Amino acid sequence: MTTAADVLARCAELDRCSASPHHLERVHLTPEHAAANRLAAGWMAEAGLRTWQDAAGNQWGRREAGTPDRPDPGRPALVLGSHLDTVPDAGSYDGMLGVVMAIAVAERLRGTELPFALEVVGFGDEEGARFGKALLGSSAVAGSWDPAWEDLRDRAGVSLRQAFLDAGLDAARVGEAARRPEDLVGYLEAHIEQGPHLEAADRSLGYVTTIAGARRFLLSVVGEARHAGGTPYPRRRDALVGAGEAVVAVERLARDGGCLATVGRLEVWPGAVNVIPGRAELTLDLRAATDAERDAMWDRMHAEIAAICGRRGLTLEVVETHRAPAAPCAAWLQQAVVDGIRSTDDHGADDPLALWSPAGHDAMALAAVTDVGMLFLRCADGISHSPDEDVRAIDVARGLDALQAAVLRVAAVVAARA
Ligand code: GLV
Ligand code: MN
Ligand code: MN
């Protein structure tokens, strides 16, 4: 049986599929993404799953309903999974833990009779670290792919369309990755919490009620590059100073409005010590508990940044690179996860902690095509998107037991419906 120690060892093995030997970085449609898919496919096959990579680069495994001796092929599937891509300089668990736990649970249930097919997925892009648009893998599966995304470019200027070709895939065929609602029972995702609440409550596990929606933008502030010595202040149109004022305004507005907004990247052209910056590009990631609050906040931010640019003689260009609506978890799958947690010896398991997720997850894309539920695991100091991410073996052990019990709970509900 795959233990918590095996799960942690597999996460460490995935760390080796990286763009750099010095830190973990694995973005969409790269050779390291392909290597992670191959590793995961090997573990899936060991767990008795039939494996394939879909047209969007997601790695899948499936066993049929029934038992290995008496399979009942073609039934709708309960899907377990998460993502295999990372942010730059990532930790080992954001995404990967959920995929590896899903494989372990499939292995534990290998001989168990189920009224649905059981599938495991490792999505190829959740973070959006390469093309700015997040959830590319799960959006393809949900059938909400927008062909306009194929023109998005990475920082080296490679288009998403070209990246598909480089990975031996064809963006024109991405529709083949879409799943029909009638072929799915639901989607369950285990994930580290990426926040401090479970640790503060001294719990290993919690269940998710809803996932906040996010919007992301690329903002370009355009001024004029000129001589740093020869240009008096009244003649300057410094793009970086305008962008800097915008960054401070973004934080002030988000804090005052109860939202979360982050400028994670700021680049300046031409980037020389003695040239006034002529262009600055900044990314903006904006989240709120509801889509309405998030959208109202963006309207306020946009107006304020435009006013800053206006006062400084700068122009502002805005490209929205990502928009995902808030996604509630289905009540019956929340209940299955609650029952799963209750079956463990977690502290306070009789009254599991409900959490809403300000972090994005593949479940929010899948919610467009099937019911979703999420199990959160405590992570040390609530830290994520950092090499300091850490999880304890006892939490993973309880997480495996809870996820397995949740699958069996779903099985009981599905069997009762038949
Ligand atoms: C994904 O981790 C996100 O919330 O950005
Ligand atoms: Mn994640
Ligand atoms: Mn992440």
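This is a predicted model: local features need pLDDT of at least 70, side-chain atom pairs count only at pLDDT 80 or more; totals for chains, interfaces and linings use all residues.
A polar side-chain atom of Glu-127 lies 3.0 Å from an oxygen atom of ligand 1. For Arg-216, a polar side-chain atom lies 2.8 Å from a ligand oxygen. Gly-360 contributes a backbone N or O atom, 2.6 Å from an oxygen atom of the ligand. On its own, ligand 1 has 190 Å² of accessible area, and the protein covers 94% of it.

Arg-287 has a relative accessible area of 17% and is buried, because the cut-off for buried is under 20%. Asp-285, at 13%, is buried too. Elsewhere, salt bridges with shared partners join Arg-215, Asp-291, Arg-294, Asp-295, Glu-320 and Arg-323 into one network.

In total, the structure holds 33 salt bridges. One of them pairs Asp-401 with Arg-108, with the closest N and O atoms 3.0 Å apart. Asp-401 belongs to helix α11 (residues 393-417) and Arg-108 to helix α3 (residues 96-108), so this pair ties together parts 293 residues apart in sequence. Asp-401 is partly exposed, at 37% relative accessibility, whereas Arg-108 is buried at 16%.

Another salt bridge links the side chains of Arg-173 and Glu-176, at 2.9 Å from N to O. Here Arg-173 is partly exposed at 48% relative accessibility. Glu-176 reaches 53% and counts as exposed.

Notes
Residues are numbered from 1 along each chain as its sequence is written. Chains are lettered from A and ligands numbered from 1 in the order in which they are written. Side-chain values use heavy atoms; hydrogens and water are left out. A polar contact is a pair of N or O atoms within 3.5 Å; within protein, one must be able to donate a hydrogen and the other to accept it, and residues adjacent in sequence count only if both atoms are side-chain atoms. Accessible areas come from the Shrake-Rupley method with a 1.4 Å probe; for residues, only the protein chains shown count as cover. A salt bridge is a side-chain nitrogen of Lys or Arg within 4 Å of a carboxyl oxygen of Asp or Glu. Helices (H or I, at least four residues) and strands (E, at least two) are DSSP runs, numbered from the N terminus. Buried means under 20% relative accessible area, exposed over 50%, partly exposed in between (1.4 Å probe, protein chains only).
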